[in-house]
Every structure is written in C-alpha cells, then in structure tokens.
Amino acid sequence: MNQLRDPDAIIAAWLEDGPNDISTETRRAIMTGLRVLPRRRTGPLGGIPMPFFMRVAAAGLAVVALISFAILNLPNAGPGPGGVASPSPSASVTPTPTAASSAAVDPRTPSPLDGVASEFPHPFSYRLMPNENLVVSVSDPTFYQFRVPKPGTDGWGNAIIVRLITGGRSDPCSEASPIVPLTGGPASVVSYLRGSPGLIVGNDVPISVSGMPAARVAIAPKGPTPECSDLWLWAEEGSFTQNASWNSSAELTIVNVAGDHVVIMAIGDTAWQSASRTFVDSIRFE
Amino acid sequence: MSVGTVERARDGDERAFEELVDLHGGRCIGIAYRILRDVERAEDAVQQAFLLAWRELPRLRDPERFEVWLHRLLVNACYEDARRHRRWTSRIVAIPADGPAITDPAVSVDDRDALERAFRRLTPEQRAAFVLHHHAGFPLDVTAAIVGVPVGTVKSRVHSAIQSLRAAIKADEQIGTEVRPA
C-alpha cells in the first residue's frame, strides 16, 4: 500500500536526531582551557581602534615613562647589577643551605626566603615569595619542591617544582612508552608539549632566566579518559597528574642551562602562577 | 540570558563564564553536530568557540550581542573544521541496520541515509544557514547576523539546502519503488 509521505516532516524529524547536551568532558575541557588562555586586554583606552603608528607612539611613550620612573627610583632600588631585590624587613637574612637541613627541623616549617639549591645538578640561588610560607623539600637532587602547606591539614596546596628533565615520552599517557630526547632549547620542549594529546597548551613567551634562554607557557591536562588515565610528561619519574592533579593547571618556565632543560612548574591557580614569577625571576644559576 | 552574567564574565569572572557555558553549551553542541554530522568534531568546535569567546570577551562592547557573537564564533569553528576535512562530501558513514541509538524511528534507515548523503554534498555555508534557521530556530535576520551575510543570501542558502534534501528523499523513494518486487 502506498503511503503519502511528507518530505518536510521527514527532514524535520531527521534534523532533530542528535545530541543537544554538552558532554561533561567538553565542558570540563573548556573550563580548564580558559585558565591557561591569556585573555585579550582592552587596556586603558578600551576597545577604541587606533592606527598602527599611534599604537607605536603610545608604546614608545610607555617605555619612556617606565625608564624615567626606574631612573628616578634607582637610588632606593637595592643591590643593582645582580638584579636580586633587597630583602624585605620580614625576610630572613639567613641563607638556606639546603632544603634537607630545613626539613630536619619540621617538615612544615616555612623555609627562609633566601636560599641555595646546592644539590641541584645546576645549583641556583633563589628568593621565595614573602608571606606564602613556602616549604622547600628535595625528593632527589634533580627535583626541588617549594610548597605551601594547606592550613588545618597535612596536605599541600600551591607549589613550585624545579626539576631537571632529559626528555619526554612518545606517548605521555603511557609510563611504559619510549623516551623521546628533547634537543634544541626551550622551544623543543614547548613543541613536545603541544604534541601531547592530553594537554591544553597556551601561548609560549620567550623570556630569559638568569641570563639564559627560556620559555614560559601555561598548560592544563584535558582530563582523564579510558586511554589516558595519567600524564607522564617527562622521561624522569613521576607523572604530572601525580605532582598536581587532573584539575590543576600550571605555568611552566623552561630554561636552557648549559644545554640541559630545567623546568620550573608553578602549579596552582592563575594568581599563584603570576605570583610565582617573582620566584622565577630571582633564580640565579651558578 | 543575563547581561550581567556576560559582563561579569567579560571582567574575568570564571564562574560567570561557566554559567554561560551551561546556558549555551547544549544548543551549541546541537548546532555544531548538525552542521558537521560528527559528535567528536562538534565537541571540538564547541570547545574552540568557547575558548575563543573567553579570550576575546573583553573586546565585546555590547553584552546583549553575546549570543549572536558566540554563535558566529561557533559557525566559524565549524567552517574551519570543514576546511580541515575537505573530503567530507566523499565520506560515507555506515549506518547500522538497526540505526544509531539517538535516531527518530519516524525516519527510516533509507531516508536517513539519503538525507545524510545529500547533506554532505551541501556547502558548509548552506549547512550552517539551514541548521541555524530550521534547527536552532533563529529568525532569518538573526541567522544572517550570525553568519555575516545579507538576509537574502541566507534565504537562498536555506532554500537550496531544503530543495536538495527534498530531492534526496524523492530520489530515494523512486529507487525504492523501482527495486521493490511487484
């Protein structure tokens, strides 16, 4: 028997087939991703369009103003050529010999603000951020942790990890996957991170740490999947998701020190990541 | 949609942006899936659109335009995906005999197959206009604002899409009649 068919009704019914809800994974990936994405800034002039030459002029004026300000304030600025800021009144002037010695007293006692990571393969001096009560600990000489104790618990909150890495993994989701050497400076590490399917990677910025070439980049894991339950970013022991968690984002500073990669991971919210830059800026490799 | 929520998100309030994701995410997935006909690619497009929205939101001067603006980002993300998958007209998606789990039983497997094939032959622009208007329910002028073309162009694209889909069903009927035993 022939039945009268309405093509538009069929099209409408076909068009209704399909998902209409955002999946938990996608929603989570969005919320994680926005924490590592730099936002467009409108600046003091808001979104007012300016011709290119006016932007150049405005930038030039800003540079002149900054230089003038710096010159006027230099006499009060501290030690000078070394670039390390003078200790604040609250800062301890006692140098930290190593983290191990401070840990012997009480593992959660805040470490002195000024210290030297003397056991690190490329020893460096540093200055901790004031008022953060950071505690320094050393798991092995290539892995220095600077962590904030969580009040009222035995746990730890925000952290900075400084570690020496020799390579990545061909499949960061598998601890057993072959090691991939990372040669070619900080850019090679950033490039490797960008190739990791389980990771959201922000824009990288070339910088200098202790006069050495470095790159700064924000990362966040996309989220655990059946195929990727852990992220083994580095050839060395320990996964990113064990150091942090799937919910953590981090700002990485990758420094090329005498051909080696030193990775400084600031793990925590964006405010913490920004604050940790003062620590990174204070680092001086010997 | 609350303009205040958009303003708070524009000022960097992640919680407010989360509310916007919850409010618009489902509809965005629905649109992207129907344009791209692939769940995974649709989710990628939605993710890309929202992340771009977050990055560019400080530059959105009129919060009341957020919805149109967001859907424009989404459609652009779909276009970009389409460019990456240029061979989509030649792709053949196997539909299981008993149909996918989310299908409407009112549409036969043959019809669905014919519609899918016809839809894949449309340009991304025709698909977007058709889906925004007929699935998402945006009026033609809003659809035009989203895709950034005059209303007349949108009308033409929607019309072409419908004609192609109707023709596909009719052709399928004829084939069915011809092969059906007497």
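Biologist: How many residues of chain A are in contact with chain B?

Modeller: Contact here means heavy atoms within 4.5 Å. By that rule, 33 residues of chain A are in contact with 47 residues of chain B. A word on the basis: this is a predicted model, where local features need pLDDT of at least 70, side-chain atom pairs count only at pLDDT 80 or more, and totals for chains, interfaces and linings use all residues. Residues are numbered from 1 along each chain as its sequence is written, chains are lettered from A in the order in which they are written, and side-chain values use heavy atoms, with hydrogens and water left out.

Biologist: What area do chain A and chain B bury between them?

Modeller: The size of an interface is often given as the accessible area lost when the parts come together. Buried area is that loss with a 1.4 Å probe, summed over both parts. For chain A and chain B it comes to about 3,800 Å², 60% of it on carbon and sulfur atoms.

Biologist: And how many salt bridges are found across the interface?

Modeller: A salt bridge needs a side-chain nitrogen of Lys or Arg within 4 Å of a carboxyl oxygen of Asp or Glu. The rule finds four across the interface of chain A and chain B. B:R112 and A:D17 form a salt bridge through their side chains, at 3.8 Å from N to O.

Biologist: Which residues have the most contacts inside the largest nonpolar core?

Modeller: A nonpolar core is a set of buried Ala, Val, Leu, Ile, Met, Phe, Trp, Tyr and Cys residues joined through side-chain atoms within 4.5 Å. Buried means under 20% relative accessible area, exposed over 50%, partly exposed in between (1.4 Å probe, protein chains only). The largest core has 65 residues, and those with the most contacts inside it include A:I30 and B:F17. Leaving aside neighbours within four places in sequence, B:F17 is in contact with A:I30, A:L34 and B:W54, among others.

Biologist: How is the ring pair of B:F17 and B:W54 arranged?

Modeller: A pair of aromatic rings is described by the distance of the centres and the angle of the planes. Rings of Phe, Tyr and Trp (its six-membered ring) pair if their centres lie within 6.5 Å; planes under 30 degrees apart count as stacked, over 60 as edge-to-face and the rest as tilted. The structure holds 15 such pairs over all chains. The centres of B:F17 and B:W54 are 5.2 Å apart and the planes are at 65 degrees, so this pair is edge-to-face.

Biologist: Are these two residues buried or exposed?

Modeller: B:F17 is buried, at 0% relative accessible area, and B:W54 is buried too, at 3%.

Terms used: Buried area = accessible area lost by both parts, 1.4 Å probe.
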